[in-house]
Amino acid sequence: MKIAVCIKQIMDPEISPRDFKIDADAKNAVLGKNPLVISTFDENALEVALQYVEKNSGEITVFTYGVAKSEDALRKALAMKADNAVLLESTKEAGWDSYQTGKVLAEGLKKHGPFDLVFFGRQAGDSDAGIVGAVVAEELGLPLVSFVTTINQKDDKVFFDRVTDEGRERVEASPPLAVTVTNDEGNTPRIPKVKDIMMANRKQISKESVGELPASDFMEIISLDIPSSDVVCEFLDGNEPADKVNRLVEKLKESKVL
Amino acid sequence: MPTREIYWNIDAHALIYLFFAMALVVFGYGIYIRYKRWVKGRDDVRWDQLKTRLKLVNRYALGHARILTDRYSGIFHLFILFGFIILFIGTLVVMVHADFNVHIMQGWFYLYFQSLTLDIFGLLAIIGILMAMVKRYLFKPARLNTSIYDGVIFTALLAILITGFLLEGLRIAGTNDPWALWSPVGYAVSLLFASMSQVQLEFWHGLLWWSHMFLAFGTVAYIPYSKLMHMFSAPANIFFQSLKPKGQILEPIDVETAETLGARKLTDLTWKQMFELDACTECGRCQDVCPAFAADQPLSPKNFILDLRNHMHTQALEGEEQPDVVGLSIKAETLWACTTCRACMEACPVFVEHVPSIIDFRRYQVMELAEFPETMQEATRSLEARGHPYKGTQASRTDWYRDLEVPEMANSSDVEYLFWVGCSAALDERNQKIARAFAELLNRAQVSYAVLGSEEKCTGDPARRMGNEYLFEMMAKENIEVLDSYEVKKIITVCPHCLNTFKNDYPQFGGNYEVKHHSEFLEELLEAGHLNISKELKDSITYHDPCYLGRYNEVYDEPRLILEKSGGEIKEMDKHKEESFCCGAGGGRAFAEETGTRINHLRAEQAVDTGASVVATSCPFCMTMMEDGVKAKSEGVKVLDIAELLAQATKKE
C-alpha cells in the first residue's frame, strides 16, 4: 500500500493568548518567538497511517506545502517513522486559501503517486477550515472518508472507523481514497525514539519549488483583528435570595438576554 | 610470667591449617563467582582520591556514622562487629605465638588483651546478637524481611561465641589456670564444670574444640554465599562511593556514539552499580524513608536493589541476548514512581546509589522505546515545542512583571546577577507571586539584576530526571548559549530544580556559573543590612525542605534564618532537613498521574500536624504540591514561599 500523509506546520495553538498577536496591515498572525508545530489533527493522521503500516504493510510519504522552515515538521514526521518526505516549497508563507493549498498538494501527489491512501487531518489547527482534504480528493478524483479514527484491514477489505454526529460508524471502502482523520484515544501521536530522531536528521527530503503563487482568486481577507471582550462585574443588591433573583431577571431582560 | 597453655588437650592441631585452607578455597570461589559478575558492568573510576576514600571508610564503616542514626541497630552492630574483630585478632595472636613461635601472648598483654579484652568483646558480641534477634523476631520492623537464612547466621555466630566461652571454661577448669580471674566470663563458665572429672573435662573440651573450629571455618566459607558478604562488600562500597557533589548524580551520555541509550540489560550499568547490589544488607532503611513507598506506590528502593541483585545472580550476563531488566525483574511502573528525592541514598548505611540506576533504566524506556507515562509524554512534547513543560498555560513568561519594574537582560548592561525565574514561577499563576515577591525584594535592596524574560527556557531538569538525556542536552546547550551571549556569571533563582541543574548539571556541558538559591541570597541581603525587618511576622511557621535544595545542595539553614529573622517561630516537622519528606513533585512526577495515596497529602498532613499557621517552602514545585495538600487537610493554614514572607516582613509602611 502506498500512503501519503499531508501535514501542515502551524504556529503552536497552545501558546498563551497574550503571546498571540496579529499584524492588521499584513492581515496575518505574527509568529514572533512562538514555536511552530505540526497541526494537531495532522499528527493524528500520521499516527493512523503509521499504525496501519505497522499492522499491514506499506510505505508512507509525508507532504507539506510551505516555506523552507516547514522542513522541521517533515523531520519530525520522519522521526515518527514516515519513510519519505516531500517539501513543496514556496518562497512566501502559504496564504489562507485552502483551495489553492489543495491544488498545490494535489499536483505534488500526482507527481509522486499514485497513492492508495491519502491522509489529512480533519482541519488545520490555525485556520480550522477543514477544506484541503476534500479539495485534494476532488482534484485527484478520489472518494473521501472523513472524520476517521482508526483503520483496520481484513483480507483485502479496508474498514474505516469514523465519528459522526450520531456516534460512530464503520465504513468499508476500497482504495484508492482520501481520508481525513480526527483525534481519538487510539491515535495519540507517538513520541519518537531518540535513534529515530537522529536518523531523521540525516534523511534526504525531496524539495520541489512551487515558487510564489499568484494572489488567490477565491478568497481575500478583508480585515483581521482579535475580538475584544469586555467584562463588567456588577453585584446585585437585595437581602433575600428572592429579591436577588428578581433583580437578576430584570437585569437580564434589560440586556435582552431573556 | 602470665600466659596459658596453648592447644591444651588438643592433638594434631596443625590440621586446622588444612581445614582453614579448605574453607578459604570455598570462600574464594564464592567471591570469584560474584566478582565475575561485577566486572561485566561498564567502566567507572571509583578508586581515585585514595585518602578521602579511606577517611570515608573510617567514618562510615568503622565509625558507623550512618548505621548509628538508628541508635539501637547501630549499637548492636557495633557490638557484633567489634566483638568479632577483637576475637579474630585474639585468634591471630594464638597463631603467632604458638605456630610462628613469636611469643607475644604473655605478660600484661596476655592479661589485659588476650584474657580480659577478648572476654569482654566476646560477651558484647553475644549481647549484640541477642539484641539483633530481639529486633528482628520480636519487634519485627516493617523494613526487615526475615528468612531462614537470618536464623542460620544468628545461630552460627552465637554458636561460635558460646562454644568459645564453654571451651575457655573447660580449659580453666581443666588446667587450674592461676590467671583465670582475668577471663571473667570464662571463669564464670568454668564454675559450671567444677564437679566434672578431668576425663570428662578433657572429653567435652576436645569435642567442643573441634566443633568450634568447624563452626568458625564453616562460617568463613559461608560468607560469600550469604548476607554476611556485606562485611566485605559494604566497606568496599563505602570506599567506592561517589565523591562528586551530592547534586551531581547523573552522567551525560554521548548520544551519537552510545551503543544503547540508558540501561536495557543489567550489564549496561557500570560495575559499581552492579557491585553495590551485593553490598546491600537488606536493612530497608531506604524503604522506610521512601515517599513513594509510604504512599503505597509501586516502588520500594530496597526491593528495587534486591530484584536487581537477584537478576544479577540468576540471569545470563553475557552478550546481546541477555534479557531486558525492565519487564523481567523490575516493573516499568516502579521506575516511574520515583521522585528522585535522594532520601534512600541519604539513609543507606552502605551508600548504595539507587537513583542513578533508576534513571539509567528510565533513559532506555524513554529514549530507545519511547515508552513512558502519557502525562510525562505530554510534558516532554511541550518541553520540545515550547521550552516549558506546561501545555496550555495561559501565561507568557513576561506576564508576572507586567506592572513591576523588572529589568530585562536584552535592555540592560553591566548587570551583576541574572534572576532566573524558572517555568513554574513564571507560568503558574500561584507561583508568579513568588517571582513578584522576590523581584520586589531585589528592588528594595537595590540589587543589580535582570531577567531573561521571553528568552528564558526550561533548564531541562524534568527532561533529565524523566530519562530524556537527549532532550536535556539540547536544552542545556541552548541555554548555555543564551547565557554566554549575555556573559552571565552569577545566577540567582527561586527554583531549587533550576539551581541544581545550573550548579551540578551544566558544568558537565561547559556551563559554569556562581549559582545561588534565593534563600541564600536573601539571607545575605538581610545579614548585610540591605533588607530590614519592619514588621515582624509573629506567625508559627513550619518549613518544608525541598529535596533539591536540601539533600541535593545542602542548604538547610538559610531559609530558617530568614524565617527567624522575620519574626517567625519555627515549628519543625518530625522529618526535616536531611530527613525531609518529598512533596512528590521531583523526578518529573509533577507531570505524572499519581496512583495510590498522594505523596503531597502525606507531607501536608505532617506539616499541618505541627500546629503551625504557616507552611513555608522555597520551591515553586513544592508550593503547588503543599498548597494542594494543605487545602485538603486544613482550612486556615497558609502556604507561602520564604520570599513572600520576607517581602511581608520588610514592607515599608
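Counting aromatic pairs over all chains gives 34, where rings of Phe, Tyr and Trp (its six-membered ring) pair if their centres lie within 6.5 Å, with planes under 30 degrees apart counted as stacked, over 60 as edge-to-face and the rest as tilted. This is a predicted model, so local features need pLDDT of at least 70, side-chain atom pairs count only at pLDDT 80 or more, and totals for chains, interfaces and linings use all residues. Side-chain values use heavy atoms, leaving out hydrogens and water, while residues are numbered from 1 along each chain as its sequence is written and chains are lettered from A in the order in which they are written.

**Aromatic pairs in chain B**

- A pair of aromatic rings is described by the distance of the centres and the angle of the planes.
- Take Y7(B) and W209(B): their rings sit edge-to-face, 6.2 Å centre to centre with 80° between the planes.
- Y7(B) lies in the segment before α1 (15–38) of chain B and W209(B) in helix α7 (residues 198–222) of chain B, so this pair ties together parts that are 202 residues apart in sequence. Helices here are DSSP runs (H or I, at least four residues), as are strands (E, at least two), and both are numbered from the N terminus.
- Y7(B) counts as buried at 16% relative accessibility, and W209(B) does too at 15%. Buried means under 20% relative accessible area, exposed means over 50% and partly exposed is in between (1.4 Å probe, protein chains only).
- W271(B) and F275(B) also make an edge-to-face pair, at 6.4 Å centre to centre and 65° between the planes.
- W271(B) is buried at 13% relative accessible area, and F275(B) is buried at 6%.
- W271(B) and F275(B) belong to one aromatic cluster along with W38(B), W47(B), F239(B) and F240(B).

**Chain B overall**

- Chain B has 26 helices and eight strands.
- Its C-alpha trace spans about 100 × 60 × 45 Å along the principal axes.
- Of the 653 residues in chain B, 57% are buried.
- Looking at contacts in chain B between residues at least 6 apart in sequence, 78% join residues at least 24 apart; contact means heavy atoms within 4.5 Å.
- Helix α8 (residues 230–239) of chain B has S233(B), A234(B), N237(B), I238(B) and F239(B) buried.
- The cover over those buried residues of α8(B) includes α2 (50–62) and α9 of chain B.

**Helix packing in chain A**

- Helices α2 (residues 71–79) and α5 (residues 194–202) of chain A have axes that come within 8 Å and cross at roughly 130°. Axes are lines fitted to C-alpha atoms, for helices over the stretch in contact, and angles run from 0 to 180 degrees between N-to-C directions.
- That angle makes α2(A) oblique to α5(A), since under 35 degrees counts as roughly parallel, over 145 as roughly antiparallel, 65 to 115 as roughly perpendicular and the rest as oblique.
- On the α2(A) side the contact uses R75(A), L78(A) and A79(A), and on the α5(A) side D196(A), I197(A), A200(A) and N201(A).

**V62(A) and its surroundings**

- V62(A) is found in strand β6 (residues 59–66) of chain A and counts as buried at 0% relative accessibility.
- Leaving out residues up to four places away in sequence, V62(A) touches V5(A), L46(A), L74(A), A77(A), A82(A), N84(A), A85(A) and V86(A).
- V62(A) and L46(A) are 16 residues apart in sequence and 8.3 Å apart in space, C-alpha to C-alpha.
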